[in-house]
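Colleague: I'm new to reading protein structures. Could you walk me through one?

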Amino acid sequence: MNANKMTQRSLEALQTAQGFVTEYQNNAIGQLHLMTALLQEDNGLIPQLLEKMGVDPVSAKQYLYTQLSSLPKVYGSNARSADSVYVSPECDRAMNSAEKTAEQMKDEYVSVEHIFLGLLN
């Protein structure tokens, strides 16, 4: 995934997902981290899309927090380096799918809606 092809909001979502990895003491950005990050902006596009789909974004976010807290944690010598955060293979596939979706839609940049679609694939 080329960061130069991402919108500012997409980059912010990845940074937020990275923050969740640190907060929940996980070793890699996964789809749960990224989806939770997409829901952080209450008036953002993804919460609005969920509402239109009949899904309460607040409940969805709470569910995702519960799922994040149940992920395995890394401690001690197994912990990741403070300056290193990895991307899980599943999340990498979702990001690659988002990039392909943007190309198919003839969009120059990968936006949060492309990432959302990539996570749903």
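Colleague: How many helices and strands does the secondary structure of the protein come to?

Modeller: Helices (H or I, at least four residues) and strands (E, at least two) are DSSP runs, numbered from the N terminus. Here there are 6 helices and 2 strands, and along the sequence they follow the pattern α-β-α-α-α-β-α-α. Before we go on, this is a predicted model, where local features need pLDDT of at least 70, side-chain atom pairs count only at pLDDT 80 or more, and totals for chains, interfaces and linings use all residues. Residues are numbered from 1 along each chain as its sequence is written, and side-chain values use heavy atoms, with hydrogens and water left out.

Colleague: What radius of gyration does the protein have?

Modeller: The radius of gyration is taken over C-alpha atoms, and the globule rule is 2.2 Å times the number of residues to the power 0.38. With 121 residues, a compact globule would come out near 14 Å, and the protein agrees, at 14 Å. Its C-alpha atoms fill a box of roughly 45 × 30 × 20 Å along the principal axes.

Colleague: Which residues of H2 are buried?

Modeller: Buried means under 20% relative accessible area, exposed over 50%, and partly exposed in between (1.4 Å probe, protein chains only). In H2, the buried ones are His33, Leu34, Met35, Thr36, Ala37 and Leu38. That is 6 of the 8 residues of this helix (residues 31-38), so H2 is largely enclosed by the rest of the structure. Among the elements that cover its buried residues are H1 (8-23), E1 (28-29) and H6 (112-120). In the protein as a whole, 38% of the 121 residues count as buried.

Colleague: Which residues have the most contacts inside the largest nonpolar core?

Modeller: A nonpolar core is a set of buried Ala, Val, Leu, Ile, Met, Phe, Trp, Tyr and Cys residues joined through side-chain atoms within 4.5 Å. The largest one here has 27 residues, and Leu34, Leu38, Ile115 and Leu119 have the most contacts inside it. Each of H1, H2, H3, H4, H5 and H6 supplies at least two residues of this core, and H5 gives the most, with 5 residues. Contact means heavy atoms within 4.5 Å. Leaving aside residues up to four places away in sequence, Leu119 touches Gln31, Leu34, Met35, Leu38 and Ala94.

Colleague: Where is the place of Val55?

Modeller: Val55 is in the loop between H3 and H4. Val55 counts as partly exposed because its relative accessibility is 33%. Not counting residues up to four places away in sequence, Val55 touches Leu50 and Ala60.
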